[in-house]
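Thanks for coming. I will go through one structure today, part by part. Here it is on the screen.

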Amino acid sequence: MAATDRLRAALDRLEPPPRAVDWSLFAFVVAEALTGLVSFTVGVPEGWPLFWLHRALGVGIVALLAWKLARVRRRLTDPGLWRRSTALSVLTLVAAVGAIGTGVAWVFGVDVRLSYWTLLSVHVGFGLALVPLVAAHAATRFRLPRRVDFERRRTAVSYFALLAAGGAAYRLQQAANDALDTAGADRRFTGSQPREGAGNAAFPITSWVADDPAPIDRDDYRLTVGGLVSDPAELTVDDLAAGHETEALLDCTSGWYTVQKWGGIRVGDLLDAAGELGDDAAYVRFTSVTGYRWSLPIDEAEDALLATRVGGEPLSHGHGAPARLVAPDRRGFQWVKWVTRVEVRAEYDLGQWVVTLVSGFD
Ligand SMILES: Nc1nc2c(c(=O)[nH]1)N[C@H]1C(S)=C(S)[C@@H](COP(=O)(O)O)O[C@H]1N2
Ligand SMILES: [Mo]
C-alpha cells in the first residue's frame with residue numbers, strides 16, 4: 001500500500017461518528033475561544049500549557065473539518081442541494097479557514113501589518129466571529145448528541161490521537177522554523193515576536209482599544225496618590241524621577257514583545273510619600289488620564305515601577321508620558337499609560353475588565 005493510502009486508512013479508522021464530529025467542532029471552537037481569551041492574561045512561562053492546548057485544539061479542528069467536509073461536500077458543490085442555510089454554512093467555513101490560516105501563518109512567523117493590526121489581531125477577529133457563526137450553523141441542523149456517539153472506546157482514542165497529533169504537529173513546526181530560520185523561530189511561549197532595540201522608537205505604540213489622549217503638559221501634570229493611605233499626596237514629574245531602574249519585558253497580546261530598561265520610581269517608594277498604608281490595603285489601582293485602569297495585589301505593586309523613561313530616553317507621549325506602569329510578568333494591556341492616579345484599595349476591581357475595553361470612546 002502506498003504511504004498516502006495508509007494515511008487515509010488510518011484517518012478513516014480514527015473518524016468519529018458524524019454527529020460526534022459536528023458536536024466536537026462546536027466544542028473545539030468554544031474551547032479555542034476560551035483558551036485564546038484566557039491566554040491574553042497569561043504572562044509567566046508556567047502558563048505554557050494553555051498555549052499548547054490552544055495549538056493542539058487548532059490542529060484537531062483541521063482534522064475534524066476535513067472529516068466534516070469529506071462528508072458534506074456535495075451539499076456545497078451541488079446547486080440542487082443548496083438551501084437558505086447554505087449561505088451560513090459557507091460563511092462559517094470562511095471564518096474557520098480564516099482563523100486556521102492566520103493561526104498557522106502566524107506560527108510560521110508571517111507578519112502582515114495593517115496599521116497597528118498584526119496578523120494575530122486578524123486571527124483573533126476570525127476566531128471571535130467563528131463562535132456565533134458555529135452556534136447559528138449548529139442551530140440550523142440541530143440534533144442533540146446521543147450518548148452512543150461518544151460512548152465507543154474508539155471515539156475516545158480518536159480524540160486522544162487528535163490532540164497528540166496536534167502537539168506533535170506544533171513540535172515539528174518549531175523544528176521547521178528553526179531549520180529555515182524564519183521569523184517564527186524567536187517567538188516567546190506566548191507566540192509573541194521580538195521587537196529589537198532600545199528606547200521609544202524600538203517598539204510599537206499600541207492602544208488596547210480606543211485610548212488616544214492629547215499629550216499631557218509636564219508642568220501641569222500632577223499624580224495623585226490616595227485611597228487607603230494616611231497622607232494622600234500630589235506629586236510632580238520631578239518627584240517621579242527617583243532614578244530607579246528595572247529591565248522588564250513588555251508582551252502585547254497583538255503578538256510582539258520587547259525588553260527595555262525602564263526608569264522612574266518604585267511604586268513602594270511612591271506609596272511611602274503618602275504616609276502609612278491602611279490596615280485593609282490589598283490592591284493598588286493605577287488609573288490613566290483616559291480612565292483606563294488596572295490593579296495589582298499590593299506586594300506585586302510595591303515592586304512594580306512607575307516609569308518616566310525607557311532605554312535611557314524620556315518616555316514619549318505615545319508610550320505613556322509623563323508616567324506609565326511597568327508591571328513585569330503581566331501582559332502589555334495591564335501596563336497602564338498616562339497614569340494620573342494611584343490608589344490603595346481593599347477590594348479587587350472587577351470593573352477594570354470592562355473599562356479597558358470602553359475607555360477612549362466618547
Ligand atoms: N491608558 C492606556 N494604557 C495602555 C493601553 C491603552 O490603550 N490605554 N494599551 C495597553 C496595551 S494593550 C499595551 S500592549 C501597552 C503598549 O505600550 P506601548 O504603547 O508603550 O507599546 O500599553 C498598555 N497601556
Ligand atoms: Mo497590547
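**Salt bridges, domains and backbone**

I start with one side chain: Asp-22 is partly exposed, at a relative accessible area of 25%. On the terms, buried is under 20% relative accessible area, exposed is over 50%, and partly exposed is in between, with a 1.4 Å probe and protein chains only.

Some conventions before I go on. This is a predicted model, where local features need pLDDT of at least 70, side-chain atom pairs count only at pLDDT 80 or more, and totals for chains, interfaces and linings use all residues. Residues are numbered from 1 along each chain as its sequence is written, chains are lettered from A and ligands numbered from 1 in the order in which they are written, and side-chain values use heavy atoms, with hydrogens and water left out.

Back to Asp-22. Which side chain does Asp-22 meet in a salt bridge? The partner is Lys-68, at 3.0 Å from N to O. A salt bridge here is a side-chain nitrogen of Lys or Arg within 4 Å of a carboxyl oxygen of Asp or Glu. The pair links distant parts of the chain, with Asp-22 in helix 2 (residues 18–39) and Lys-68 in helix 3 (residues 48–77), 46 residues apart. Helices (H or I, at least four residues) and strands (E, at least two) are DSSP runs, numbered from the N terminus. Lys-68 counts as buried, at 12% relative accessibility.

The structure holds 12 salt bridges. Another one is formed by Arg-285 and Asp-349, at 3.2 Å from N to O. Arg-285 is in strand 6 (residues 283–288) and Asp-349 is in the loop between strand 11 (339–345) and helix 11 (352–358), so the pair ties together parts 64 residues apart in sequence. Arg-285 is buried at 11% relative accessibility, and Asp-349 is buried at 5%.

Arg-341 and Glu-343 also meet in a salt bridge, at 3.4 Å from N to O. Arg-341 is partly exposed at 36% relative accessibility, while Glu-343 is buried at 14%. Through shared partners, salt bridges join Arg-285, Arg-293, Arg-341, Glu-343 and Asp-349 into one network.

Next, the domains. The assignment, which is automatic or from a database, gives domain 1 (2–193) and domain 2 (195–358). Their centres, taken over C-alpha atoms, are 37 Å apart. The contact (heavy atoms within 4.5 Å) takes 20 residues from domain 1 and 15 residues from domain 2. How much area is buried between domain 1 and domain 2? About 1,400 Å², with carbon and sulfur atoms giving 49%; this is the accessible area (1.4 Å probe) that the two parts lose on being put together, summed over both.

Between the domains there is one salt bridge. Arg-188 and Asp-251 meet in a salt bridge at 2.6 Å, N to O.

Last, the backbone. Most residues other than glycine have a negative phi, and most peptide bonds are trans. Ala-321 and Pro-322 are joined by a cis peptide bond, with omega about 5°. Pro-322 lies in the loop between strand 9 (313–314) and strand 10 (324–326).

Asp-329 has a positive phi, near 75°, and sits in the loop between strand 10 and strand 11. Trp-338 lies in the loop between strand 10 and strand 11, with a positive phi of about 55°. Is each side chain buried or exposed? Asp-329 is exposed at 52% relative accessibility, whereas Trp-338 is buried at 5%.
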